[in-house]
Amino acid sequence: MRILLTGVTGQLGHTLHPILSQHHEVIAPTRAELDLSDTAAIATFVTNCQPDLIINPAAYTTVDKAETEPDLAQAINGIAPGEFAAQAKKRGIGLIHFSTDYVYDGSLRDEQDVLTSYTEDAPTNPLNVYGKTKLAGEQAIIASGCQYLIFRTSWVYSTFGKNFLLTMLRLANERDELRVVNDQWGAPTSANAIADISASIVQQLCASENPAQWWQLHQGLYHLTTTGRTSWCGFTQEIMRQASAGGKLKKAAPSVTGIPAVDYPTPAQRPVNSSLNTDLLASTFGVQIPAWETALAVCLSKMK
Ligand SMILES: NC(=O)c1ccc[n+]([C@@H]2O[C@H](COP(=O)([O-])OP(=O)(O)OC[C@H]3O[C@@H](n4cnc5c(N)ncnc54)[C@H](OP(=O)(O)O)[C@@H]3O)[C@@H](O)[C@H]2O)c1
């Protein structure tokens, strides 16, 4: 297939590119080659590219900065996905798009008032501009009538780019104590895990003898994170444990102290619990979804 892949300089796009390139022709424009805040440019690029499939991991992901740049965040996260969807609909091709756990407000509890994981049919209620714009993007895709897969993911990290894992590893070599929020819950998810699962689903599409029927059967919105749940503090403790055991730190691991989110104020409000239930993805596509600790170990093993 000829695949148009956005966001190739980002964590997920960068990870997806070599995996997809093993089996497909991948056209992967940088922001300089295709600026997603320019809707007309999207239409022109797709027309010239003539893809068989569009994969859109590009996004405005600076959650706090989005509070003061809502129009730019909306252009990239809310409007551009709708334009890709319109192009996909016009050409009868599919669109794979990525969204976020921040479409939820994080207040979900079960009957015993215990934290539980969101299923895809749970009501959305984003607390911040980033979440609102990502939800707008989902809605534009669904409203377009194109063939689509939307994968909501969470707490993305990789060996590359700006992310929580790399920040904590850097701080571990500078400090003796790390103070990290322990009352926000989610599933840290490696770009590698998302890319492997997404690419295997692309292979299922390719192997299908009747792509239109495949889309009819599989189209929809799915949660794609690792399994399990932890806090930022729990994630940090596991990073330190694994990195220390694997000789990835330059000194003894720092102590990790939990603090409440109110002691670490940020411009954008974040959900308390944004863990996502991935059962629908696993049962629909028959994919193996790693536990968050396992995905972390795989990611650390790829680092020097
Ligand atoms: N990161 C997370 O923790 C997280 C959590 C939940 C969901 N997600 C979702 O997962 C997906 C992948 O995220 P990620 O972590 O890979 O993001 P990322 O590392 O921040 O990468 C974002 C990509 O989008 C590109 N981009 C931004 N603005 C653009 C524009 N105007 N025109 C063209 N390209 C533009 C960036 O290009 P430049 O390099 O030029 O900036 C970069 O390649 C996104 O849909 C995101 O919303 C991420």
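Which residues are exposed on the other side of helix 2? They are A40 and N48, where exposed means over 50% relative accessible area and buried under 20% (1.4 Å probe, protein chains only). This is a predicted model, in which local features need pLDDT of at least 70, side-chain atom pairs count only at pLDDT 80 or more, and totals for chains, interfaces and linings use all residues. Residues are numbered from 1 along each chain as its sequence is written, and side-chain values use heavy atoms, without hydrogens or water.

**Helix 2**
- I42, A43, V46 and C49 are buried in helix 2 (residues 39-49), helices being DSSP runs of H or I with at least four residues.
- These buried residues fall within an arc of 140° seen down the axis, so they line one face of the helix; the arc is taken from the directions from the helix axis to the C-beta atoms.
- Q50 follows helix 2 and has a positive phi, near 55°.

**Aromatic pairs**
- The whole structure holds 12 aromatic pairs, defined by ring centres within 6.5 Å (six-membered ring for Trp), with planes under 30 degrees apart stacked, over 60 edge-to-face and the rest tilted.
- The W214 and F285 rings have centres 6.2 Å apart and planes at 40°, so the pair is tilted.
- W214 lies in helix 7 and F285 in helix 9 (residues 279-285), so the pair ties together parts 71 residues apart in sequence.
- W214 is buried at 7% relative accessible area, and F285 is buried at 5%.
- F235 and W292 form an edge-to-face pair, 6.0 Å centre to centre with 85° between the planes.

Key
Helix = DSSP H or I, 4+ residues; strand = E, 2+ residues; numbered from the N terminus.
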